[in-house]
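Reader: I'd like to go through this one label by label. Can you set the values against the cut-offs as we go?

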Amino acid sequence: MKNKFKRIKYSIFLVILLSLSVQVNATEHKLATTIYSQQTNDIETIFKNILSPFESIIYSNTPQGLIISVDSNLFFSESQIELLNTGKIFLQKIANALNQIPNNLVIEVNSDKTNCSNEMQNWELTTIQAGQIAKYLIIQEKISPNRIQAIGFGEISPNLPKEITFPNRIDFIILNYESIPQN
C-alpha cells in the first residue's frame with residue numbers, strides 16, 4: 001500500500017512538473033513565438049514523414065511540446081499489457097525519428113474505458129502499458145532511458161471530444177523544442 005501512495009505522489013509530481021511553463025516578458029514574446037513555431041514545424045515534419053504509413057494520428061502543438069496521439073488499439077488488445085506487433089512497428093518508427101533529434105519523450109497512456117472493475121485498476125493498467133512502451137524503446141530500439149518518461153493516467157487525464165481524438169489513446173510528447181538538428 002505504501003508503494004502505491006509513492007507511485008501516486010510521483011505521478012502527480014510529474015504531471016505538475018510537465019505542466020509548468022516558462023513565462024516570457026512582452027518584448028521576448030514575439031521572438032519566442034517565431035522560434036517556437038519554426039522549430040515545432042521542423043520536428044512535426046520529421047515525425048510526419050516517418051509515421052506517414054500510419055493512419056489516424058493526431059498532431060497537436062502545445063507549450064508542453066509536440067503531442068502525437070494514437071489509438072491505443074494499435075499497441076494493446078483491450079485491457080492487456082502485451083505489445084502487439086503493429087505497436088512494435090510504430091515504435092520502431094518513433095525510435096527512428098527520435099534518433100534524428102536530441103529531444104526527450106514523454107509517453108502518456110490514457111483510457112476512458114476498459115474492462116477494469118474500478119478506476120485504480122484502470123490507472124494501474126495504463127501505467128503498466130506506458131512502462132511496456134518505454135521498455136521496448138529502451139531495450140529493443142536502444143533509446144537512452146534518460147530521454148524517456150512513462151506515465152499512465154487511466155481516466156484521470158481529460159480527453160478531447162471523441163470526434164477529435166480517441167477514447168483510449170497513447171500520447172507521445174516530444175519535449176524541448178529549442179534543440180533540433182541543424183542542416
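Author: Happy to. Let's start with salt bridges: the label needs a side-chain nitrogen of Lys or Arg within 4 Å of a carboxyl oxygen of Asp or Glu. By that rule the count comes to 2 in this predicted model.

Reader: What makes Glu44 and Lys48 a salt bridge?

Author: Their side chains meet at 3.0 Å, N to O, and the cut-off is 4 Å, so the pair qualifies. Both residues sit in helix 2, 4 residues apart, about one turn of the helix.

Reader: Is Glu44 buried or exposed, and how do you know?

Author: Its relative accessible area is 11%. Buried means under 20%, so Glu44 is buried.

Reader: And why is Lys48 called partly exposed?

Author: Lys48 has a relative accessible area of 40%.

Reader: On to the rings. Why is the pair of Phe54 and Phe90 called edge-to-face?

Author: A search of the whole structure finds 4 aromatic pairs. In this one, the ring centres are 4.9 Å apart and the planes are at 75°. Phe54 is in the loop between helix 2 and strand 1, while Phe90 is in helix 3, 36 residues apart. Both are buried.

Reader: Then why is the pair of Phe75 and Phe172 called tilted?

Author: The centres of Phe75 and Phe172 are 5.8 Å apart, with planes at 45°. Stacked needs under 30 degrees and edge-to-face over 60, so this pair falls into the remaining class, tilted. The pair links distant parts of the chain: Phe75 is in the loop between strand 2 and helix 3, Phe172 in strand 5, 97 residues apart. Phe75 and Phe172 are both buried. Together with Phe54 and Phe90, they form one aromatic cluster.

Reader: What makes the largest nonpolar core a core, and which of its residues touch the most other members?

Author: Membership takes buried nonpolar residues joined through side-chain atoms within 4.5 Å. The largest set has 33 residues, and Phe47, Phe75, Ile107, Ile133 and Phe172 touch the most other members. Helix 3 gives the most to this core, with 6 residues. Leaving out residues up to four places away in sequence, Phe47 touches Tyr59, Leu66, Ile68, Ile94, Ala97, Leu98, Ile101 and Ile174. There is also a second, separate core of 6 residues, including Ile67 and Val106.

Reader: Where is confidence highest and where is it lowest?

Author: It is highest in helix 3, at a mean of 96, and lowest in helix 1, at 52. Over residues 13-35 the pLDDT is below 50, and that stretch has 11 contacts in the model beyond near neighbours in sequence. For the chain, the mean pLDDT is 76, with 64% of residues reaching 70 or more.

How values were computed
Residues are numbered from 1 along each chain as its sequence is written. This is a predicted model: local features need pLDDT of at least 70, side-chain atom pairs count only at pLDDT 80 or more; totals for chains, interfaces and linings use all residues. Side-chain values use heavy atoms; hydrogens and water are left out. Rings of Phe, Tyr and Trp (its six-membered ring) pair if their centres lie within 6.5 Å; planes under 30 degrees apart count as stacked, over 60 as edge-to-face and the rest as tilted. Helices (H or I, at least four residues) and strands (E, at least two) are DSSP runs, numbered from the N terminus. Buried means under 20% relative accessible area, exposed over 50%, partly exposed in between (1.4 Å probe, protein chains only). Contact means heavy atoms within 4.5 Å. pLDDT is the predictor's confidence in each residue, from 0 to 100.
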